[in-house]
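The structure is shown below.

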Amino acid sequence: MERIVMRTLRSTEAQMRVIETILASFIIVFALSFVNMFAIVPTSPKYELTDLEKMGYSALHDLDQNGLLASFIYNEEWENVTAALNVMLPVDLYFNMTVYDLDGTVVNNAKIFYGDQETFGASNNIASVTYVLVGYGATYKPRILILQLARG
Amino acid sequence: MRKLIKQKKGQFVIIAMLVIAIMIISIGALIHRTVTYYKHEPWEEYLTLIGNIELSSRRLVEISLANHTNGDNPNILKENLEKWQRNLTQIYLGYGVSLNCPSNEIICSWNNPTSFSSASANFTLNINSIGLTGYKFAAVALLKLSNTTNPLYSNQNKTWSINVTVTDENRNLTTLKKDNFQILINELEHENFTVVPQYFVNYTATSHKFFYRIECQGVMSDPSGGSGVTLQVWDQRGIKVTAKYS
């Protein structure tokens with residue numbers, strides 16, 4: 001047994017084959033990594049919805065903190081709301097927002113929408129964010145914003 | 001050195017060591033990735049809800065103060081808070097949201113050289129669906145008007161001037177315009193005035209001060225002999241404060 005092991009250790013044959021195998025392995029690993037960069041990973045419904053909700057809420061919260069959201073909503077500047085959300089959200093994120101009063105009546109008479117209607121309707125992962133505004137100026141007049149988000 | 005280069009023994013050992021090193025590095029990278037993997041915390045879903053309620057409650061206090069300082073309703077804060085508590089439960093039906101306000105008040109000290117309007121409320125939030133109990137936060141709204149110089153009347157130029165600072169609960173307000181101010185001289189509205197924002201750097205005291213220089217033109221007599229000058233300021237939220245200089 002010892003003689004076989006020593007013979008194996010001292011053998012000088014097929015060294016290039018071993019090196020070629022190692023090089024081939026490296027090439028395969030690099031090729032797989034390169035292809036992985038372009039692969040579209042299937043989304044996890046649980047994490048995807050949470051991410052969309054966070055993005056939607058962050059956008060609305062930032063606009064509200066800067067005083068823009070209340071100004072646009074209560075002055076019924078629906079185009080400005082759409083433009084502001086377009087700026088705050090990623091380009092591949094489609095959204096649809098509806099503004100309600102306390103009675104459940106829809107307040108926005110114009111659509112606050114961005115994206116492709118078909119993609120929005122067919123998407124499996126649509127997140128919904130509820131955001132409340134209490135009023136504007138010196139008047140208490142709540143508005144409920146329902147923002148729906150989906151990946152394009 | 002030549003002997004080393006021509007050496008034909010030990011290649012297998014070298015290759016085996018190389019493979020082992022690669023395996024160790026791969027396992028290390030895998031462990032690092034596992035440790036830093038994103039963990040989904042259910043609490044993060046509810047932080048948005050809590051943040052919204054908190055910001056809206058603060059806005060409510062500001063709206064109530066704006067209403068109170070521009071109108072006559074002394075109970076507006078209490079009324080708005082009661083409505084907000086009821087509506088919140090209705091809006092977030094199913095979440096078990098309960099917002100309590102154990103204390104709230106509006107204090108306005110006007111018609112002094114340094115005057116202020118303020119409102120404050122303490123809240124306790126419970127959300128039964130996520131087991132949140134007793135989350136406390138406070139909301140404060142303030143608008144303060146102070147003079148940094150005494151009022152000065154020039155009989156020769158017929159001008160009355162003063163330097164003032166306007167501060168809210170966080171900072172000195174620096175974006176006010178002439179439209180945010182109103183001046184009454186001897187209880188009559190005086191429209192011929194200018195508001196110039198200025199920034200004074202006092203190198204000796206190492207203090208920086210932002211103020212508004214207000215100058216009224218066409219003041220025929222010294223107002224201090226009469227009813228004095230009333231200065232009213234509104235901030236961007238609509239909150240008003242009134243100071244008086246005799």
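The contact draws on 28 residues from chain A and 30 residues from chain B, in what is a predicted model. Between them, chain A and chain B bury about 2700 Å², with 67% of that area on carbon and sulfur atoms.

Polar pairing also occurs across this interface: nine residue pairs, both at pLDDT 80 or more, are in polar contact between chain A and chain B. On the side of chain A that touches chain B, at least two residues each are supplied by H2, helix H3 (45-65), strand S3 (126-136) and strand S4 (139-151) of chain A. The largest share of that side, eight residues, comes from H3(A).

The rule finds one salt bridge across the interface of chain A and chain B; it joins B:Arg59 to A:Asp64, whose closest N and O atoms are 3.7 Å apart.

| Item | Area |
|---|---|
| Buried between chain A and chain B | about 2700 Å² |
| Nonpolar surface patch | about 740 Å² |

The nonpolar patch is made by A:Met16, A:Ile19, A:Leu23, A:Phe26, A:Val29 and A:Phe30, together with B:Leu18 and B:Ile22. Helix H2 (15-38) of chain A and helix H2 (11-35) of chain B each supply at least two of its residues, and H2(A) gives the most, with six residues.

One member of the patch, A:Leu23, is found in helix H2 of chain A. Is A:Leu23 buried or partly exposed? Because its relative accessible area is 49%, A:Leu23 counts as partly exposed.

Notes:
Residues are numbered from 1 along each chain as its sequence is written. Chains are lettered from A and ligands numbered from 1 in the order in which they are written. This is a predicted model: local features need pLDDT of at least 70, side-chain atom pairs count only at pLDDT 80 or more; totals for chains, interfaces and linings use all residues. Side-chain values use heavy atoms; hydrogens and water are left out. Patches are made of residues with over 30% relative accessible area and no salt bridge: like charges are joined within 9 Å, nonpolar side chains (Val, Leu, Ile, Met, Phe, Trp, Tyr) within 5 Å. Accessible areas come from the Shrake-Rupley method with a 1.4 Å probe; for residues, only the protein chains shown count as cover. A salt bridge is a side-chain nitrogen of Lys or Arg within 4 Å of a carboxyl oxygen of Asp or Glu. Helices (H or I, at least four residues) and strands (E, at least two) are DSSP runs, numbered from the N terminus. Buried means under 20% relative accessible area, exposed over 50%, partly exposed in between (1.4 Å probe, protein chains only). Contact means heavy atoms within 4.5 Å. Buried area is the accessible area (1.4 Å probe) that two parts lose on being put together, summed over both. A polar contact is a pair of N or O atoms within 3.5 Å; within protein, one must be able to donate a hydrogen and the other to accept it, and residues adjacent in sequence count only if both atoms are side-chain atoms.
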